[in-house]
Amino acid sequence: MGLLSEGSPLTWDETKALAQHVREHGIEQFINLFARLKDRQGDVLKWGDEVEYIIVRFDDKERAVQVSLRAPEILAKLNEKEAADPQGVKSLWRPEYGAYMVEGTPGKPYGGLLAHFNVVEANMRYRRMEVASLLPENEVVMSITSFPRLGCPRFTFPLAVPTPEDESCAARSNFFPDEAIFPGHPRFKTLTRNIRQRRGEKVSINLPIYPDRDTKTPVEGSIPSYPNHVHMDAMGFGMGCCCLQLTFQACNISEARTLYDQLTPMCPIMLALTAASPAYRGFLTDVDCRWNVISASVDCRTREERGEIPLKNDRFRIFKSRYDSIDSYLSPAGEKYNDVPLVLDEKLYKRLREGDIDHLLAQHIAHLFIRDSVSLFSEKVHQNDLEDTDHFENIQSTNWQTMRFKPPPPNSPIGWRVEFRPCEAQLTDFENAAIVCFIVLLTRVILSYQLDFLIPISKVDENMQNSQKRGAVLTERFWFKKNITAIPPGPDGETQKPQQNGTATEEATGSATDEYELMTIDQIINGKGSFPGLVPLINSYLGSMDVDADTHCTIQQYLRLIQKRASGELMTTASWIRKQVVEHPEYKHDSVISEGNCYDLLRKAKDIQDGVLPCPELLGNNINSKTTDNIPAAIEKHLTKRC
């Protein structure tokens with residue numbers, strides 16, 4: 001979830017009074033960090049995944065299912081291994097927003113060897129088993145993106161009841177009790193309370209209901225302005241969802257900026273391809289993904305900032321939530337595609353430029369820093385800007401965007417990194433590993449073949465909204481670059497004149513017949529006509545590499561899953577969930593997911609994740625990846641090879 005500072009949280013009024021202090025010192029910290037590390041070169045390629053899990057409790061007698069609020073005690077046990085042997089553990093565990101959630105990562109990052117792709121699934125399986133070993137017989141750890149009945153009566157165990165009238169509560173939600181927020185770290189409730197107080201009202205999440213034959217409107221619990229929508233009113237409905245994220249360490253800052261830009265147009269494509277969350281608060285909705293739910297769940301903008309009333313007390317009209325898609329590219333090749341007007345703090349931008357930060361990076365940081373800090377600890381107010389980075393990370397880590405550009409931490413061997421954040425969590429380790437390996441392989445192909453995916457930011461934004469529609473992977477078309485196999489060279493050795501965002505050239509934003517056009521995800525992944533397709537390009541890359549037989553077998557199974565999901569031969573997780581719900585004998589064609597329906601859905605999902613129940617419509621047939629816990633010793637010796 002981001003920076004987890006320890007200490008005593010300040011109230012919102014105290015935090016607000018220090019907002020400018022945090023911004024100004026955060027900028028100084030970044031300038032100092034950049035000066036030290038801008039010329040850092042030769043870092044080894046490293047990468048890793050993060051999978052978030054939900055702990056689910058089944059009541060077989062009542063045919064009921066709930067989220068189990070035992071994450072704090074389970075996490076404490078999981079962390080004992082790391083405390084005893086920090087360098088020797090195979091997995092690392094961290095808290096997440098929900099008291100029913102845990103986040104697991106590999107114990108060490110993976111490297112640049114193709115053999116590492118054969119370890120990912122085995123490590124994910126180990127993580128799942130590690131949690132499962134701490135659970136009683138009636139509890140299960142599941143990598144589901146959203147719990148279908150989150151916010152319904154009795155959705156937690158132990159039972160917790162919302163108390164919206166209690167002023168001491170962080171969320172004051174009608175549906176989501178504070179007890180469902182992870183209690184072991186003050187950050188989570190502090191964020192919840194401060195986002196609500198900064199906004200001046202509770203957050204408002206409204207998803208269109210899935211329109212079935214007997215769907216009733218207004219939807220139960222909806223608000224008057226959105227009678228045909230499922231209404232949710234708490235941060236937990238978004239941050240209580242699970243996702244699958246990837247972080248890459250680049251060789252240097254230039255490569256990191258290139259990856260940040262080139263992966264940006266892939267965010268909506270991968271969101272649609274991994275769609276896994278059609279159900280919210282006990283209803284089927286008309287969307288397949290969590291993204292806009294989380295975006296609205298942490299939308300701390302005031303009415304002035306949202307443009308509902310004229311600016312009077314606030315500084316900016318802000319067009320997006322702090323959880324949303326990025327607004328500008330960072331590499332010189334991406335500059336001409338920055339066609340969205342960028343709201344930024346001009347004073348901070350000027351200071352960044354004075355601090356020898358180039359235009360593209362300066363405007364990116366100054367744009368992030370239009371936000372206030374929404375969580376501040378008393379012990380972290382006064383810092384040494386030459387050595388500390390907590391004020392910078394305070395705002396950087398609470399801008400939750402599709403991509404994140406991550407500077408090296410101070411006094412650390414870690415280099416410049418890029419985080420890829422849109423993917424939804426899948427039911428099985430096989431699926432999650434397939435997505436991870438596909439994206440990592442794509443980064444290798446982007447850099448090796450100098451692929452160019454850049455399209456205007458406005459088109460990426462359009463794609464992001466379309467990617468969340470029901471069945472988008474098959475029914476929607478997405479803007480994508482026609483010729484991806486050559487990045488146009490810029491003026492060699494020349495300093496490009498900074499271009500104001502929102503004034504892209506006609507060349508960049510020209511008609512779809514020039515640089516980019518609408519394609520299906522099948523065409524993007526598998527190719528069409530002169531467009532090669534991403535998987536064929538990956539296979540071309542692999543054909544030029546020395547790949548051991550087991551790794552080759554595993555990778556090909558992963559790529560086939562991606563190809564078949566894109567073509568529609570296999571269902572997305574969202575489509576599968578929707579099908580299970582509507583075909584259930586208890587379903588009344590009213591868009592409502594009953595307790596028994598949800599119980600049977602998650603029971604079946606558990607059997608699929610455990611390999612007990614085949615699911616060819618979701619996974620295909622004959623899955624037999626050669627994944628292993630360790631890479632062969634003969635290959636291991638090459639680990640020290642540098643970029």
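## Crossing of α13 and α18

In this predicted model, the axes of α13 and α18 come within 10 Å and cross at roughly 70°. Because angles of 65 to 115 degrees count as roughly perpendicular, the two helices α13 and α18 are therefore described as roughly perpendicular to each other. By class, the contact between α13 and α18 is made up of 11 nonpolar, two polar and one charged residues.

On the α13 side, the residues that take part are Phe438, Leu441, Leu442, Arg444, Val445, Ser448 and Tyr449, and they meet Leu534, Val535, Leu537, Ile538, Ser540, Tyr541 and Leu542 of α18.

## The buried side of α18

Helix α18 spans residues 534-543, and its buried residues are Leu534, Val535, Leu537, Ile538, Tyr541 and Leu542. These residues lie on the same side of α18, because they cover an arc of only 160° around the axis. An α-helix has 3.6 residues a turn, so residues three or four places apart point the same way.

Besides α13 (429-449), the buried residues of α18 pack against α8 (266-273), α17 (521-526) and α19 (549-567).

## The largest nonpolar core

The largest nonpolar core has 189 residues, and those with the most contacts inside it are Trp47, Phe176, Met266, Phe420, Phe438 and Leu602. Helix α13 supplies the largest share of this core, with 13 residues. Phe438, one of the residues with the most contacts inside the core, is also among the α13 residues that meet α18.

Leaving aside residues up to four places away in sequence, Phe420 touches Gln245, Leu246, Phe248, Leu263, Met266, Cys267, Met270, Thr402, Met403 and Ile439.

Methods:
Residues numbered from 1 in each chain as written. Predicted model: local features only at pLDDT ≥ 70, side-chain atom pairs only at ≥ 80, totals over all residues. Heavy atoms only, no water. Buried < 20%, exposed > 50% of the residue type's maximum accessible area, 1.4 Å probe, protein only. Helix = DSSP H or I, 4+ residues; strand = E, 2+ residues; numbered from the N terminus. Arc of directions from axis to C-beta. Contact = heavy atoms within 4.5 Å. Axes fitted to C-alpha atoms, helices over the stretch in contact; angles between N-to-C directions. Parallel < 35°, antiparallel > 145°, perpendicular 65-115°, else oblique. Nonpolar A, V, L, I, M, F, W, Y, C, P; charged D, E, K, R; others polar. Core = buried A, V, L, I, M, F, W, Y, C linked by side-chain atoms within 4.5 Å.
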